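These are my notebook entries on a protein that I looked up. I record each item in the order in which I checked it.

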Amino acid sequence: MSSRTDKTAVETAAETPAGTAKKLRPSRTNATKQKLFEASMELIGERGVAGVTVDEIAAAAGVSKGTVYYNFGSKSDLIAQLLRHGVDILLARLLSVRDDSADPLAAMDEMIGQAMDFMDEYPSFARLWVSENWRTPSEWQDTFAELRGRLLSVVGAAIDGVAAAYRVDPGVSRGSLETAIFGACFVVGLDRQTYNPERTREQSVTAIMASMRGYIVK
């Protein structure tokens, strides 16, 4: 077991009242999750996951530590649920551009634009995703695998839409293209936030779309 996992287990045993692993009803959970999501993303962006405590997240969100443990059980569970919450927000934005009557290439362009907007609004989520997603081992490895699959399925469906409307290069692996676009959204969005704030949204989208446009046979 890693030292971070040991610390989490000790912290949970010492600070969590008995029976606090209960979950809120969905109607009450969403508002609490959003508060905790925004507060934790700001703190994690400053110091990383290991450097942030439940007390600090709760205080920044304006809720009690007991409320956090009552709803989520432990710091590890809290981070897992916040990862899910962030992906739910991103997925909602990606799926909002679906339009069967639209040019699928234009829809893909707009979808990537939505991803850039999400990275602009939640750059710390992108940092968390990139820093923890490929860490081995990771206590959230199963969570990342599930969430990655959900996001890739949306990107893959958009690629299939393009392939149905255009003649595409059969030598390009659909899975590799799907992964390339997915990864580029996080890396390009994060790079823009960290190193190239002068780079426009449109420039970032165009760069990522170059992979899709190269997939189409002229």
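**Entry 1: K33.** I looked up the contacts of K33 (contact means heavy atoms within 4.5 Å). Leaving aside residues up to four places away in sequence, K33 touches F72, Q81, L82 and H85. The C-alpha atoms of K33 and L82 are 7.0 Å apart, although 49 residues separate the two along the chain. I located K33 in helix 2, residues 26-47. Helices (H or I, at least four residues) and strands (E, at least two) are DSSP runs, numbered from the N terminus. Is K33 buried or exposed? K33 counts as buried because its relative accessibility is 14%; buried means under 20% relative accessible area, exposed over 50%, and partly exposed in between (1.4 Å probe, protein chains only).

**Entry 2: basis of the values.** I noted that this is a predicted model, in which local features need pLDDT of at least 70 and side-chain atom pairs count only at pLDDT 80 or more, while totals for chains, interfaces and linings use all residues. Residues are numbered from 1 along each chain as its sequence is written, and side-chain values use heavy atoms, with hydrogens and water left out.

**Entry 3: the whole protein.** I found ten helices and zero strands. Of the 218 residues, 44% count as buried.

**Entry 4: the core.** I then turned to the largest nonpolar core, which has 65 residues. Such a core is a set of buried Ala, Val, Leu, Ile, Met, Phe, Trp, Tyr and Cys residues joined through side-chain atoms within 4.5 Å. Helix 5 (residues 75-95) gives the most to this core, with ten residues. The residues with the most contacts inside the core are L36, F125, W129, I181 and M212. Not counting residues up to four places away in sequence, L36 touches I57, A61, V63, V68, F72, L78 and L82.

**Entry 5: helix 7.** I checked helix 7 (residues 123-133) and found it largely enclosed by the rest of the structure, because eight of its eleven residues are buried. Among them are F125 and W129.

Entry 6: What volume does the largest cavity have? I recorded about 110 Å³. On a 1 Å grid over the protein atoms alone, a cavity is a set of points where a 1.4 Å probe fits but cannot get out, and lining residues have an atom within 4 Å of a point. Grid points are joined across faces, edges and corners, and the volume is the space filled by probe spheres set on the points. Of the 13 lining residues, L94, A115, V155, F182 and C185 lie nearest the centre. Helix 6 gives the most to the lining, with five residues.

Methods: On a 1 Å grid over the protein atoms alone, a cavity is a set of points where a 1.4 Å probe fits but cannot get out, and a pocket is an open set with protein on both sides within 12 Å along at least five of seven lines; lining residues have an atom within 4 Å of a point.
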